[in-house]
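Subject: Structure handover

Hello,

The structure we talked about is below. Please look it over; my notes follow it.

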Amino acid sequence: MAHDWQPDFEQLVDEHQSMVFSLAARMTGDRGLAEEIAQDVFLELDRHLGKIESPEHARFWLRRVAMNRTADALRRRRVRGVDLWVEMNDGHGVAAEQKESPLGARLEAMLATLPAPHRAALILRYQEDMMPEEIAATLGAPVATVKSHLQRGLKLLRAKAENQLREFVRTSKSVEGA
Amino acid sequence: MDDFERELRQALERRPAPPSLKRKLMERRNRLTAERRQGRMVWWQRLAASVVLCGAVGGAFAWHNAEERRKGEAARQQVFTALRIANRALSRMNAQLNERAQDGQ
């Protein structure tokens, strides 16, 4: 099918590098690995550039390939027995100016402790502002499964947040009392 | 969407990609392109070498065939010549025998 839109590789990199990098970084928790994944994703895009039909198609394609690549990386790391999130919790490679507000950073750290499918669904929902149907198409999963992951992930995250907040209040009181 | 989800959305804003990402990516891309181009060139070189080799083998085979045919033809001509000589000798002998037979009578 003929289409007017001509993809420009460099322009696509400029437009989507932060999206691809953020997805990979939040899924793997390792900035170095996320950068490698992002490079691999864009090189794959370069090889398939002729098949990309529109800017929307490019965005969808990049999200799907980025999520697949991060899932592969997580699987490989799990096989090797490496806990990626240790690095992120230590703030590995994150510049001070890039760190978010304390609450945001806590939420992100808590998100990191969720199972990968829940994390993937939540990241696509709240980072990319996608609907469950779009998330399902991106992850190649049934919509019902995605909805369940979203609900369960949010529930887990809320529970963790409440616990952390209680812990925070208790610690503050004990510090004040002393 | 409640406050918690709003806070989560804010926490999950896209992070800027490292400034080195694009540079490294373009370097890898250029390297891959160069490797692919070199690979294609090697492939063409191999193809050209194969064509030359096939031509040489085919030419040698054709030359060998022509040479064999030429030798066969030369041998045939020699046989004909030998037969002609033998024929002439026999005719001569036959004529002499006839002469002697007539002299005897």
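Helix 6 of chain A and helix 7 of chain A (residues 132–139) are oblique to each other, packing at an angle of about 125° with their axes 10 Å apart. Axes here are lines fitted to C-alpha atoms, for helices over the stretch in contact, and angles run from 0 to 180 degrees between N-to-C directions. Angles under 35 degrees count as roughly parallel, over 145 as roughly antiparallel, 65 to 115 as roughly perpendicular and the rest as oblique. Helices are DSSP runs (H or I, at least four residues), numbered from the N terminus.

This is a predicted model: local features need pLDDT of at least 70, and side-chain atom pairs count only at pLDDT 80 or more, while totals for chains, interfaces and linings use all residues. Residues are numbered from 1 along each chain as its sequence is written, and chains are lettered from A and ligands numbered from 1 in the order in which they are written.

In the packing of these two helices, A120(A), A121(A), L124(A) and R125(A) of helix 6 meet I135(A), T138(A) and L139(A) of helix 7. Contact requires C-beta atoms, placed from the backbone, within 7 Å. By class there are five nonpolar residues, one polar and one charged (Ala, Val, Leu, Ile, Met, Phe, Trp, Tyr, Cys and Pro count as nonpolar, Asp, Glu, Lys and Arg as charged, and the others, Gly among them, as polar).

Nine of the eleven residues of helix 6 of chain A (116–126) are buried, so this helix is largely enclosed by the rest of the structure. Among the buried residues are H118(A), R119(A) and Y126(A). Buried means 20 or more other C-beta atoms within 10 Å of the residue's own, exposed 12 or fewer, and partly exposed in between.

Between the chains, the contact takes 23 residues from chain A and 19 residues from chain B. On the side of chain A, the largest share, seven residues, comes from helix 1 of chain A. That side has eleven nonpolar, seven polar and five charged residues.

The axes of helix 5 of chain A and helix 1 of chain B (residues 3–11) come within 9 Å and cross at roughly 90°, which makes helix 5 of chain A roughly perpendicular to helix 1 of chain B. Here L103(A), G104(A), L107(A) and E108(A) meet E7(B), L8(B), Q10(B) and A11(B).

Lastly, F9(A) lies in helix 1 of chain A and counts as partly exposed, because it has 16 C-beta neighbours inside 10 Å. Leaving aside neighbours within four places in sequence, F9(A) is in contact with D46(A) and L49(A).

Regards
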